[in-house]
Amino acid sequence: MTLQEYDYARESPSKLAASCLLLALIMKNLGGWTPTLEYYSGYHSQDLNPLVKRLNFLLTYQPHDKLKAVRTKYSHRVFFEVAKVTPMDMLKLEEILKSC
């Protein structure tokens, strides 16, 4: 989804990937940012929090009338229907990020 948004072009690809991973871990209740992830990514969870919030906002308030190809592709069973996963509630996400 971020490939279609110019605002994310200025983000480091590694930081963007790490933030996406953290958001996915939280969304699927698989834990948070571990010391191992911190070591290998080079990012502390606090460094990722603002971008994680922006990513969740993108998932929550994306326009459904344009650029449907990515959403359609990742709504397929082959890709585990990840485009159909419900975004996190922003308040709940902030609460979880504070505890990471």
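**Briefing: a chain of five helices**

Thr 2 touches Tyr 8, Leu 16, Leu 55 and Leu 58, leaving aside residues up to four places away in sequence, where contact means heavy atoms within 4.5 Å. This is a predicted model, in which local features need pLDDT of at least 70 and side-chain atom pairs count only at pLDDT 80 or more, while totals for chains, interfaces and linings use all residues. Residues are numbered from 1 along each chain as its sequence is written, and side-chain values use heavy atoms, with hydrogens and water left out.

**The chain as a whole**

- The chain holds five helices and zero strands, and from the N terminus on its elements run α-α-α-α-α; helices (H or I, at least four residues) and strands (E, at least two) are DSSP runs, numbered from the N terminus.
- The radius of gyration of the chain is 14 Å, which agrees with the value near 13 Å that a compact globule of 100 residues would have; this radius is taken over C-alpha atoms, and the globule rule is 2.2 Å times the number of residues to the power 0.38.
- Taken along the principal axes, the C-alpha atoms of the chain fill a box of roughly 40 × 30 × 25 Å.
- Of the contacts in the chain with a separation of 6 or more, 71% are accounted for by residues 24 or more positions apart.
- Buried residues make up 27% of the 100 residues in the chain, where buried means under 20% relative accessible area, exposed over 50%, and partly exposed in between (1.4 Å probe, protein chains only).

**Helices α1 and α3**

- Helix α1 (residues 13-27) and helix α3 (residues 45-60) pack at an angle of about 70°, with their axes 9 Å apart; axes are lines fitted to C-alpha atoms, for helices over the stretch in contact, and angles run from 0 to 180 degrees between N-to-C directions.
- That angle makes α1 roughly perpendicular to α3, given that angles under 35 degrees count as roughly parallel, over 145 as roughly antiparallel, 65 to 115 as roughly perpendicular and the rest as oblique.
- The crossing of α1 and α3 is right-handed; a crossing is left-handed if the near helix is turned anticlockwise from the far one by less than a right angle, and right-handed if clockwise.
- The residues of the contact of α1 with α3 divide into 11 nonpolar, three polar and two charged, where Ala, Val, Leu, Ile, Met, Phe, Trp, Tyr, Cys and Pro count as nonpolar, Asp, Glu, Lys and Arg as charged, and the others, Gly among them, as polar.

**Helices α3 and α5**

- Helix α3 also packs with helix α5 (residues 90-99), at an angle of about 160° and with their axes 11 Å apart, and that makes α3 roughly antiparallel to α5.
- The crossing of α3 and α5 is right-handed.
- On the α3 side, Asn 49, Val 52, Lys 53, Asn 56 and Phe 57 meet Met 90, Leu 93, Glu 94 and Leu 97 in α5, and the residues of this contact divide into five nonpolar, two polar and two charged.

- Leu 22, which lies in helix α1, counts as buried at 0% relative accessibility, and beyond four places in sequence Leu 22 touches Gly 32, Trp 33, Leu 48, Asn 49, Val 52 and Leu 97.
- Asn 49 is found in helix α3 and counts as buried at 12% relative accessibility; its contacts, not counting residues up to four places away in sequence, are Leu 22 and Leu 97.
- Thr 2 lies in the segment before α1 and, at 16% relative accessibility, counts as buried.
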